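Let's take a walk through this protein together, with the model open beside the text.

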Amino acid sequence: MDTDDNGDDISLLSALRRREQTICMRMEQLEKEIADLEKKCGVEDKSQAANIDMSEFLAPKWSVPIRANVMNFEWERLAQACQFDVILMDPPWQLASQAPTRGVAIAYQQLPDVCIESLPIQLLQTSGFIFIWVINNKYTKAFQLMKQWGYTYVDDITWVKQTVNRRMAKGHGYYLQHAKETCLVGKKGADPPTLQRSVASDIIFSERRGQSQKPEEMYEIIEQLVPGGNYLEIFGRKNNLRDYWVTIGNEL
């Protein structure tokens, strides 16, 4: 009986390794296609951007930036070093092929769902909250990820985008013009010891920033909800760095 079980485990492991190899090959192919398209469209080469002098950039004194590829980052070592009260992520969702960007250039690399769902988020948090920014065609997938990682959906936050004149900033949509973004909130385990209920609103009215940049008010909401907590942001950029936050991303 044990021999049969071991055989099943070995077969499953072999199948997962083949799947991993297929995904890696597909990602390499996608990276090449993206590079060729960027060259054709005259988009700045990322390697040139990486050579920009960053001496003028000053990270917040108490921030913890970690520049790394989230797909091969040593999550187990991070989990052993720290368990987080709050995890915030803005996944680079892959846009559906049947829903083109309608002339909007995407200036960041997108990840297939299978890559995002492979992140071992469950290792990083025994209890606490997760905040996931979601685009319209990824609501179902985001709810699936929450369940897979051990969370229960408990709330959401809506960011209503505004112009510099405080008017609604409307953008492209497949059926309707979009003027908002949504962040889903999930919870697992016991409440963080410093939890403060009903201290922040679920609506953010804030000026639209650069492409994919989210409002600063989100950090304020999280820090009001769980003051003095251990905070982690995944897929972060330089503009996301904040005191007392660990930020991980390949664009730091």
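First, some ground rules. This is a predicted model, in which local features need pLDDT of at least 70 and side-chain atom pairs count only at pLDDT 80 or more, while totals for chains, interfaces and linings use all residues. Residues are numbered from 1 along each chain as its sequence is written, and side-chain values use heavy atoms, with hydrogens and water left out.

How confident is the predictor? The mean pLDDT of the protein chain (pLDDT is the predictor's confidence in each residue, from 0 to 100) is 84, and 84% of the residues reach 70 or more. Two stretches call for care. Residues 44-54 have a pLDDT below 50, and this stretch has five contacts in the model beyond near neighbours in sequence; contact means heavy atoms within 4.5 Å. Residues 98-107 are also below 50, with 13 contacts of that kind. Where pLDDT is low, the predicted coordinates should not be read in detail.

Now for the fold. The protein chain has six helices and eight strands, taken as DSSP runs numbered from the N terminus (helices are H or I, at least four residues; strands are E, at least two). Read from the N terminus, the order is α-α-β-α-β-α-β-α-β-β-β-α-β-β. Among contacts in the protein chain with a separation of 6 or more, 75% join residues 24 or more positions apart. Of the 252 residues, 37% count as buried, where buried means under 20% relative accessible area, exposed over 50% and partly exposed in between (1.4 Å probe, protein chains only).

Next, look inside. In soluble globular proteins, nonpolar side chains tend to be buried together. Here the largest nonpolar core has 31 residues, and Ile 121, Leu 124, Trp 149 and Ile 234 touch the most other members. Such a core is a set of buried Ala, Val, Leu, Ile, Met, Phe, Trp, Tyr and Cys residues joined through side-chain atoms within 4.5 Å. At least two residues each come from α3 (75-81), β2 (86-89), α4 (113-117), β3 (128-134), α5 (139-149), β7 and β8, and α5 gives the largest share, four residues. Leaving out residues up to four places away in sequence, Ile 121 touches Ile 87, Met 89, Ile 130, Trp 149, Tyr 151 and Ile 234. A second, separate core of 19 residues includes Val 86, Trp 159, Val 185 and Ile 222.

Phe 73 and Trp 75 form an edge-to-face pair, because their ring centres are 4.8 Å apart and their planes are at 75°. Both of these residues, Phe 73 and Trp 75, are buried. Tyr 231 and Trp 245 are stacked, because their planes are at 20°, with the ring centres 4.9 Å apart. This pair links distant parts of the chain, with Tyr 231 in strand β7 (residues 231-234) and Trp 245 in strand β8 (residues 245-249), 14 residues apart.

Lys 188 lies over the face of Tyr 151, 5.2 Å from the ring centre, and the charged end of Lys 214 is over the ring of Trp 133, 5.5 Å from its centre.

Finally, stop at the loop between β7 and β8, where Phe 235 is found. Phe 235 has a positive phi of about 70° although it is not a glycine, and it counts as buried at 14% relative accessibility. Tyr 244 belongs to the loop between β7 and β8 too; its phi is near 70°, but at 55% relative accessibility Tyr 244 counts as exposed. In the segment after β8 you will find Leu 252, which is buried with a relative accessible area of 14%. The C-alpha atoms of Leu 252 and Ala 68 are separated by 8.2 Å, although the two are 184 residues apart along the chain.

How values were computed: Phe/Tyr/Trp six-rings, centres within 6.5 Å; stacked < 30°, edge-to-face > 60°. Lys NZ or Arg CZ within 6 Å of the ring centre and 35° of its normal.
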